[in-house]
Amino acid sequence: MADDKVLAAQKWVNATYANVPGYAKCPEDGRTGWSTMFSLTMALQAELAMAPLVASFGPGTLSELAKRGDIGPNESNVNIKRIIEHALFCKGYWGGNGSGSYGAATDKSVRALKNDAGVDASNGLVQPKIFKALLSMDAYVSVTGGTDTVRAVQRWLNSRYVNRSSFFIGPADGVYSRDVQKSLMKAIQYELGIPDDQATGAFGPGTQAGLKNHAVKEGDSGIFVQLFSAACVFNSPVVTPDTNIMTTFRSTFDAKLTEWVRAFQGFSELGSPSGVGDYRTWAQLLVSTGDPDRPAQACDTRFRITRPRADALYTAGYRHVGRYLFDPPGSTLDKNIKDGELEDIFAAGLSVFPIYQDNARRLVDFTFEQGFNHALNAHSHAEQYGFNRGTVIYFAVDYDATADEIASNIVPYFQGVQAGLANQGMRYFHGVYGSRNVCTQVSKNTGARYSFVSGMSWGFSGNLGFPLPPNWAFNQIKEFKFTAGSDAFDLDNDAHRSGSDTGQNTIHQVVDPADAFVKNLETVFPLAMQFTSTRAGDPNRLTMEYGRHKDYGGFKWAMLIGDPDPDFIKFADSHGASVLPDFKDFVTGYSIGAPHLLAAANGHYVKPQNESDIREVGAGDISGWGGDLITLYAEWQRDIKAYPSGHAYCDAKFAKLGVTSTFGFNDLIEDADGYLIARRVQRGGQFLDVVREHYGQGERDAGALTRFRDYFEQRFGGNVDYVVTMARSILLLQYDPVIAAGRTSLIRGIAGQNATLPAQLSDSVLNDFCRGFADGLHDRALQETNAKGA
């Protein structure tokens, strides 16, 4: 949205300095951006009689300002004061009238900015470092996605180190970033006694040596505990199978921090979790390689692994090796897997995780079309080698892609990969190789099953200021020459996360997707048929009820969609049936919760949609997507300070992998599959047959391959506006007292007793949240449409 005061700043700076040699005009659009800040910076340089003008606030500009001294109302150069006032407007502060008077409003705004940044706000003067901060795009108030915990550390760093010569005021926006990471590293270097002019923020030998002598543990206190806990905050949360573990900034190492450190050490595979902040833990918190000399169970290489090499690797402690499926035409590396190589590797006791790279070193290498074609090629080569169904193929991003490039090209490329593999029946899953940020964003937005992190490239912008992705399987930490007798070849050490991808140690094996789910139902459904052969009942319904009764039973569910038949549950249990907790989805490779899926199916089956108006919602929807949407709304209200926009919250939390949410990616799969299975049974299908056809035993026409597209079209009419209307109804409807009471209970249980209920929001605010959900659902459907149509 355009801002009149920002527009005034742009017009003034362009009009005033247009004829100054070297000045670059900024757009006059009323939107703050780097171009505006650069223009104001060049204006300042012009007033300081500097030449040539450059779009950067560097040491020269800082030095000239230092000669001038602090700037305030008594500054003789009116234009410098006007630059300050206009910069304040661009930062969101009321800088005055823009005339250069530097009155009470300007003084107040400068103090406010200082206070927000965490530095001394006892006066309204602009010191050189404050001027530098003014002419940056850093924010000093919380932004969308920012947290108070991170912001507390940012303000503390600014407050404690602002007077160090090589330290500059960093953002205080609540978001962990590359600049914040470098500020923390400088702070550590200062406290280690490294001179200011040598404190660069790089994890060099001096820093490493110093930290080896500064382990921290429970009961310790002081500056190194503060710095250590700050690093812990920046690496939060630690993702576990059950929850995400957060921590806070503190000066005393207490039991809570010990608990967090143990979880972090386990998540990062640092050996037996001790809870002690030793050197290896410090390193893992601060750089993407962590301690590159720690033991590694995995490796990757472009060189052929012969049987003697495989034996030597196994003896050295390796268990998994990454090898390339493909060597692009014109390459001189000869890096692809050779005939008989896989057998040699398997015979030595190793497994293989396949990598696909076709150039992948420039932005132009990444488009949707290239991703689609690369997926087809990767599928073809993997199939020729005999890789089993369900193998994860790691598609490479072998350069430092920025956040903008990830959004513009890398994610679309992987959407193409996803579509290409789906086009071939999803025999293989896609993984991603790249920086931490590349891996995280690709996984969130395209469902990459696992991440192979290029941690060895610790200087990548995508590795600085980003924690390990939640789905990391391999982390490349060291390149060296592996020697075995007279043989030597280049090898990369890769940390491996236990319980994640192990690659393959066989080929040409028959693997049945969703086999555990089908086999479970092959026990339960015949028992339901037998049970109803002598009494009234519906075997389809009984099968769904049995599968959900443990997790989705009780009074509330009985009120919503009916109580599971207790007699059948006893009968099934006595005849060897059991409730299946989860199974592997053959489309994504992710674990799917069978009870939630069957609860959604049960709800839609017994409370079907109104065919005359599909926009009408009811109990069937609440058992699936509607109930999940209510809890997502409650989480938004709980996190409202970090995410004022409901659409932004849905963008960040709805159906995203690796993100803690009550409406995550798995939940959406379960909702969609439950609905589609129930609908086919309603139309006359037998439950067991419908499930077999939906999961398709890997066939290219399996219903699960287009689950989101079909769900969007059948339940929501393929219309985004319908989704918005239906979402509003779920959050507002009052005609069903059971649903209304349950909704209020859910929201208050998550967001607190004083939570804002949907009916208390304005239409525009509520619509923004509902539109975010609708757009997210449509995006998932569109990806599958592209896959089938490509």
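Eight strands close into a barrel in the order 3-4-5-6-7-8-9-10, with mixed pairing. Strands here are DSSP runs of E with at least two residues, helices are runs of H or I with at least four residues, and both are numbered from the N terminus. Two strands pair if DSSP finds at least two bridges between them. On average, neighbouring strands of this sheet are turned by 35° against each other, direction ignored. Axes are lines fitted to C-alpha atoms, for helices over the stretch in contact, and angles run from 0 to 180 degrees between N-to-C directions. This is a predicted model: local features need pLDDT of at least 70, side-chain atom pairs count only at pLDDT 80 or more, and totals for chains, interfaces and linings use all residues. Residues are numbered from 1 along each chain as its sequence is written, and side-chain values use heavy atoms, leaving out hydrogens and water.

Start at strand 3 (residues 298-300). It runs parallel to strand 4 (residues 320-324), and three bridges join the two. A298 has H320 as its bridge partner in strand 4. Helix 15 (residues 368-385) touches strand 5 (351-356) and strand 6, and its direction makes about 135° with that of strand 6. Contact means heavy atoms within 4.5 Å. Helix 13 (residues 307-315) lies across strand 3, strand 9 (472-484) and strand 10 (487-496), and runs at about 45° to strand 10.

Now move to strand 7 (residues 429-434). Six of its six residues are buried, so the strand is largely enclosed by the rest of the structure. Buried means under 20% relative accessible area, exposed over 50%, and partly exposed in between, using a 1.4 Å probe and protein chains only. F429, G431 and Y433 point one way from strand 7, while H430, V432 and G434 point the other way.

Strand 7 has partners in strands 6 and 8. Strand 6 (residues 392-396) pairs with strand 7 in the parallel sense over five bridges.

Strand 6, helix 16 (residues 403-423) and strand 7 make a right-handed β-α-β unit. Strand 7, helix 17 (residues 436-446) and strand 8 make a right-handed unit too. Right-handed means that, with the strands pointing away from the viewer, the path from the first strand over the helix to the second runs clockwise.
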